[in-house]
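Let's take a walk through a sheet together, strand by strand. Please open the structure and keep the sequence at hand.

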Amino acid sequence: MESRLQAVFSQYGSRLNDAQKTDLRRLAAEGQAALDRLRAYPTDNSDGPALYLRPLIEREKKPSPKPSRKPVGASKKS
Amino acid sequence: MPGEEIFYLSVTELAKRIESKKLSPVELTQIYLDRSQKFGPRFNAYATLTPEIALEQAKAAEKEIQRGHYRGPLHGIPYAPKDLLAVKGIPTTWGAKPFANQVFEYNSTVIDHLKNVGAVMIGKASMIELAGGSGYRFASASLQGEAKNPWDPTCWTCGSSSGSGAIVAAGLAAFAIGTETWGSIICPSSFCGVSGLRPTYGRVSRYGAMALAPSMDKIGPMARSAEDCARIFAAIAGHDPKDRGTIAIDKAAFTYSPSVELRKLRVAWLHDAWKSFEGSAKPVAAAKAALKKIFGNMKEVALPVGPWEDAASLIVQVESASSFRSLIRSGKISELTDPLGQISGYLNEQYSAADYGQALKIREILQKRMDAIFESFDVLVAPSQPVPATPLSLNLETGLSFPDPLGAIGNLCGLPALSVPCGFTEKNLPIGLEFLAGAGDDIAAIQAARTFQQHTDWHKRHPRIH
C-alpha cells in the first residue's frame, strides 16, 4: 500500500493538495483490504486467466479475430 | 400539449400506430421535442438536444412509410443515446468537462444501427462523467449536473446512465440507450421505474463508444417494457469487426418476435443477493409472491461465495486507468467535477500486473461456477437494488456502499440481465426486479421479465410531470 502511495506522490505529488493526499491514503488503505482478499483466494497454475472476456458460449468456437481499426478521430480519445 | 399518455406509450404500441399511419413520426417527434425542451432541464436529463437531426430523420421516416416502405418497429420512434456514443458532427462529452468540446467525425455502430432501422435521435442523454470510470462521490459528478429522478426530483436517478433513466421515466423519448460496466443500466432502471436490458457481453458493438473497462463495457436499451427492450436489442445486436469484443455472427445477432414459441423456464430466487432492504422489503416480498404464482415451483438458490467484487473492482480500476491514461498523466483529470474522480485515477495506475492476472483467474473460476448454476436454472431473480432512489446530496461512497455480489458476478461474467419495475415504496419510489440469465441466453431474461409484466402493471405507471 505504502509503495503505491509513494509512487503516486512522487509522480503526481505536486498536483495534489494535502486534503487530496489524505483522501488517497484512505483510498489506498481501503483498497488494500480488497487486494488482500483477492491475493488470498486460492488459484492454481492451471487456472486460465480470462484475458479478454469471452462468455462461456464462445468457448467451443474460436472465430478468427479481425484486426481492430483505429477510429477516425481516435486521437481525441483518452 | 397533447394528453400525457402518448408520451408513455410503449415502442410496441407507437409502432402499431405509425405502421398503420394513424400516428405521424414528425408529429410524434415534435411533441417529444417540445416536452424535452420544457422538462429536460428540470431533470438535467440531456447533454444536448438535436432537433434538426430529429426532424430530418422523422421527415424521412414519414416519407418512407407513406410510400409503403416500413422498416420495422423502431421506424419513426424518437430515442436518446447516452452521451458517450459518438454521433458524427455533434458534441460527445462523455459527461466530463475535459471533453466538453469533443466532436467525432463518425457514428458509433449502435447509432448507425438505429439510423438504419429508422429510429429518430432526439438528443443525447446526460451521464456521470466518464461513466464513473474515475470513481465518484456525489450525484453531481456530471458536466450536465445531477440527474434528478422524475418520481421525486429531490432524489437521484442513479448512474452512470443517469440521463437515460430520467428521459424514459419522464416520457421525454420513447426509449434511451444506456451502458453498463457495473450497474449503470440496472441501477438507473431500478431507481427510475423503467425496464432496462444489460445484454450479454459482446452482443452489442462498442465501436464509437467511450471505453471504460473494455473487458466489461456493455451497451443496452432502457425503455417501457421488456418487450420494448427486446425490439431495441434486436436492432442494435450483432457482430462488428470494428469491436474485437463482439462475439461471432451466429451468437451475437438477436431476433425477436412476440409470437415466438416460449420455452418453459426454470426460474430461481436468489436469496442472498442483498443483505437487507431499506424501505423496499414490502414490495420485494409482494414481487416474490407474484413470481411464485407466475412461475410455479420457484426454487431458492445462493450465489457462489468468493472475492468477486474485489476482482471486479480491480479489473475496472486497472482497465479504466489504461482507458484514461492520457487524462491522468496530463493532469486534466483534475478538471473533473467530482472530488473522488479527480484523484482516483492516480491510484488506479499503481496496481500490479500480478494482481490483475489474479483477478482474471478468479473471473474464469467464477464463470465456470455460474455456468454450473445455469445448468439447473434458466433465470435467477432478485431485487435489482436493495434501496430505492437515494437523495441527491448523499455521499455515495458511504451511503451507497453496500455489498453488490450480484452486480459483480453478472458483470464479471458478462451475463445478461433485465431490470423491470416491481412495486413502489411508501414514498412512491419505484423498486426494480432483476432477471439474470446465462451468457448468450438474453432471450430467457427477456421472456421471464415479459411474462412478469404480462401479470403485473408496475411498468405502466409513470410519474406525473407538470
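What follows goes from the whole sheet to a few of its pairings.

This is a predicted model, and our tour stays in chain B, where ten strands make up an open sheet with mixed pairing. Reading across, the order is S3-S2-S7-S9-S8-S13-S14-S12-S10-S11. The edges are formed by strand S3 (120-121) and strand S11 (299-301) of chain B, each of which pairs on one side only.

Now move to strand S13 of chain B, residues 417-424. How many of its eight residues are buried? Seven are, so that the strand is mostly covered, where buried means that 20 or more other C-beta atoms lie within 10 Å of a residue's own.

Strand S8 (residues 195-198) of chain B runs antiparallel to S13(B), and three bridges join the two. You can find this pairing at Arg198(B), whose bridge partner in S13(B) is Ala417(B).

For a parallel pairing, look at strand S10 (residues 267-270) and strand S12 (residues 379-383) of chain B, joined by three bridges. To locate this pairing, find Ala268(B), which stands opposite Leu380(B) in S12(B).

Methods: Residues are numbered from 1 along each chain as its sequence is written. Chains are lettered from A and ligands numbered from 1 in the order in which they are written. This is a predicted model: local features need pLDDT of at least 70, side-chain atom pairs count only at pLDDT 80 or more; totals for chains, interfaces and linings use all residues. Two strands pair if DSSP finds at least two bridges between them. Helices (H or I, at least four residues) and strands (E, at least two) are DSSP runs, numbered from the N terminus. A residue is buried if 20 or more other C-beta atoms lie within 10 Å of its own, exposed if 12 or fewer, and partly exposed in between; C-beta atoms are placed from the backbone.
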